[in-house]
Amino acid sequence: MLFVGDDWAEDHHDVEVQDQNGRVMRTARLPEGVDGMARFHDLVAGFLPDDATPAQVLVCIETDRGPWVRALVAAGYQVFGVNPKQAARHRELVSLSGAKSDKGDAHALADMVRTRRHQLRQVAADSDLAEAVKVVARAHQTLIWERTRHMLRLRAALREYFPAALDAYQPLTLTGADTLELLAKAPTPDQAAKLTLTQISAALKRARRRGIADKAATIQRALRTAHLRQPDIVTTAYAATISATVAILQTLNVQIRAMEGQVEAHFGQHPDAEIYLSQPGIGVILGARVLAEFGDAPGRYADAKARKNYAGTAPITRQSGKSKTVHARIVHNDRLVDALHTQASAAILHDPAVRAYYDQLRARDIGHNPALRQVGNRLVGILHGCLKTTTVYDQATAWSHRTQPVAA
């Protein structure tokens, strides 16, 4: 067998090939892309007998996605994607001096897969459709995060020179189409004070608000309220920044709606979509995010515990002597943790069995967020069972234990 460490960068890969005894056979720097992959195949082929198979080559790399990794998996190599923190800890074992280089990282990765492959998770190839769902679901979520960042910048700027606008538009939210339209039309206090009820009502109507007359009157009154002000030249400068931020937010709103349609279209084609949508607290967007982060490669998760560990919902126990503490996992997939937290928050509102489990946890003086994490952990186990048996969620089956005391 051959063991290959692959330290990747944006435009090249430093690789080292070791034999079963840890002897370095070859080191090389390969370019990213088709040419680099062809040279990789030639490199390892030179050390394999004629009757060898690609599965006899084990590759360790600090990522589990991307065209390069997919090409390695497609070629039949055993690919192990490791967390950079894992790699850093192993590098400390093979290099006590603390020295670091791309060549040294490739050596550490090759040594890691040779000596500790039983502790590493092999990359399993997801279907092309699951990869497509991941692309659009992550893009959609990233756009939402970007909108939140720009909204917070907008809010901070308004606080500095136009606090009345925050009071006036609070019921509409700062990312609402009507709020952005009115801010674009009147970014300064003087301009906003001149907005008529007709102008405000028209913006509210285009945003499909209810109770337009009352809302318009309240907004106009708030915009005309006396408040502390900045000098005119400073106000003009702030207004220019507000106009730019508003334009960005309007564009983000349009693109988020467009990407939402892409998420729905791709997720709806997946054969597991019905199972995900049957889970409590999950809709189309959330289901797409959970599917995207878990993937759909068969056999990736040996059991429900493995899926929970990857999800980051399973707790970590630390025990030393008489001391024993339980902690949440710090190292986790942020996108998946966020999606599962959102699912648990929605599930306790709409599923009586989930709510009963949550109430049992809270009765034990467990805080809200830790209780949601345990609810999410249980929901991950239920999802694993549904996917394994290709059956939709059934409340009676999933919560048949709910009358029993919650385990410590």
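Buried means under 20% relative accessible area, exposed over 50%, and partly exposed in between, using a 1.4 Å probe and protein chains only. Helices (H or I, at least four residues) and strands (E, at least two) are DSSP runs numbered from the N terminus.

This is a predicted model, in which local features need pLDDT of at least 70 and side-chain atom pairs count only at pLDDT 80 or more, while totals for chains, interfaces and linings use all residues. Residues are numbered from 1 along each chain as its sequence is written, and side-chain values use heavy atoms, leaving out hydrogens and water.

**Stop 1: strand β4 and its sheet**

Start by selecting residues 57-61, which make up strand β4; 5 of its 5 residues are buried. Look at both faces: Val57, Val59 and Ile61 are buried on one side, Leu58 and Cys60 on the other.

Two strands pair if DSSP finds at least two bridges between them. Strand β1 (residues 2-8) runs parallel to β4, with 5 bridges joining them, and valine 4 stands opposite valine 59. Then show strand β5 (residues 78-81), also parallel to β4 and joined to it by 4 bridges. Here leucine 58 stands opposite glutamine 78, and cysteine 60 has phenylalanine 80 as its bridge partner.

Zoom out to see an open sheet of 5 strands, in the order β3-β2-β1-β4-β5 and with mixed pairing. Which strands stand at the edges? They are β3 (24-31) and β5, each with a single partner strand, so one side of each has no neighbour in the sheet. On average, neighbouring strands of this sheet are turned by 20° against each other, direction ignored. (Axes are lines fitted to C-alpha atoms, for helices over the stretch in contact, and angles run from 0 to 180 degrees between N-to-C directions.)

Next, select helix α4 (residues 102-116), which packs on the sheet and touches β1, β2 (12-18), β3, β4 and β5. Contact means heavy atoms within 4.5 Å. The direction of α4 makes about 140° with that of β1.

**Stop 2: the largest nonpolar core**

A nonpolar core is a set of buried Ala, Val, Leu, Ile, Met, Phe, Trp, Tyr and Cys residues joined through side-chain atoms within 4.5 Å. The largest one has 43 residues; select Tyr276, Val290, Phe294, Val375 and Trp399, which touch the most other members. Helices supplying at least two residues each include α5 (128-161), α11 (232-269), α15 (334-350) and α16 (352-363). Helix α17 gives the most, with 9 residues.

Centre on valine 375: leaving aside neighbours within four places in sequence, its contacts are Ala344, Ile348, Val354, Tyr357, Tyr358 and Leu361. Another core lies apart from this one, with 29 residues, among them Leu172, Leu180, Leu182 and Ala216.

While α17 (residues 368-389) is in view, pick histidine 384 in that helix. Is histidine 384 buried or exposed? It is buried, at a relative accessible area of 10%. Not counting residues up to four places away in sequence, histidine 384 touches Tyr301, Asp303, Ala304 and Arg307.

**Stop 3**

Select α13 next: 10 of its 11 residues are buried. Among the buried ones are Arg289 and Glu293. The cover over its buried residues includes α5, α11, α12, α14, α15 and α17. Glycine 295 follows α13, with a positive phi near 75°.

The structure holds 9 aromatic pairs. Rings of Phe, Tyr and Trp (its six-membered ring) pair if their centres lie within 6.5 Å; planes under 30 degrees apart count as stacked, over 60 as edge-to-face and the rest as tilted. Phenylalanine 294 and tyrosine 310 are tilted, with ring centres 6.4 Å apart and planes at 45°. This pair links helix α13 to helix α14, across 16 residues of sequence. Phenylalanine 294 is buried, at 0% relative accessibility.

Then show tyrosine 357 and tryptophan 399, a tilted pair at 5.4 Å centre to centre with 50° between the planes. Tyrosine 357 lies in helix α16 and tryptophan 399 in the segment after α18 (395-398), so the pair ties together parts 42 residues apart in sequence. Tyrosine 357 counts as buried at 12% relative accessibility, and tryptophan 399 does at 0%.
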